[in-house]
Amino acid sequence: MKKVLKYLIPFLLCAVVVIVVLAVRGSFVKSGKPLISDLCDAFAVPGMIMTCFGLLVFVTNGGTFDMLAFGVRKLFDLFKKDLTKVKYRTFYDYREAQKEKKRSFWNLIVVGLFFVTAAVVFLIVYEYYPWA
C-alpha cells in the first residue's frame with residue numbers, strides 16, 4: 001500500500017494541475033481540435049514539472065548541493081547564542097548525515113514521464129489527425 005501511495009499522490013497532484021489548466025483555458029466548453037491542443041498543453045505542464053522535480057531530487061541525492069546547504073546552515077548557526085550546540089561541526093559530519101537521508105525519486109520521474117507521454121500522444125493526434 002505504501003508503494004502505491006508513492007505513485008498515487010504525485011499522479012493525483014498532476015491530475016489536479018491538468019484540470020486547473022483545462023479550466024483556465026476554458027476547455028470544458030470547447031470541442032474538436034482546440035480541445036486536443038489544450039489537452040496537450042495541460043498534460044505537458046505537470047509532466048515536465050514533475051519530471052524535473054524528480055531529477056532535482058536525484059541530483060540532490062548525489063550530493064550536488066551539500067556544500068551549499070552546509071554553508072547556509074553554518075551561516076544561520078552564526079546567529080545562535082550558544083555556538084557549541086550546533087548540529088554539524090564539520091562538512092564531513094554533515095555529509096555523512098546526508099548519506100543516510102536519501103529520498104526516493106523514481107516515482108516522480110515515472111509519473112512525470114507518463115504525463116509527458118500523454119502530452120506527446122495528444123500532440124500527435126493534434127498534428128496528424130485532422131478529424132480529431
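1. Helices (H or I, at least four residues) and strands (E, at least two) are DSSP runs, numbered from the N terminus. By that rule the protein has five helices and zero strands, and its elements run α-α-α-α-α from the N terminus on.

2. This is a predicted model, in which local features need pLDDT of at least 70 and side-chain atom pairs count only at pLDDT 80 or more, while totals for chains, interfaces and linings use all residues. Residues are numbered from 1 along each chain as its sequence is written, and side-chain values use heavy atoms, with hydrogens and water left out.

3. On overall form, the C-alpha trace spans about 70 × 30 × 30 Å along its principal axes. The radius of gyration (taken over C-alpha atoms) is 21 Å, whereas a compact globule of 132 residues would have one near 14 Å, the globule rule being 2.2 Å times the number of residues to the power 0.38.

4. A nonpolar patch on the surface has about 1,200 Å² of accessible area together, and F53, L56, F65 and F79 are among its members. Patches are made of residues with over 30% relative accessible area and no salt bridge, nonpolar side chains (Val, Leu, Ile, Met, Phe, Trp, Tyr) being joined within 5 Å and like charges within 9 Å; a salt bridge is a side-chain nitrogen of Lys or Arg within 4 Å of a carboxyl oxygen of Asp or Glu. Accessible areas come from the Shrake-Rupley method with a 1.4 Å probe, and for residues only the protein chains shown count as cover.

5. Helices α2 (33-61) and α3 (66-77) each supply at least two residues of this patch, and α2 gives the largest share, five residues. F65 lies in the loop between α2 and α3.
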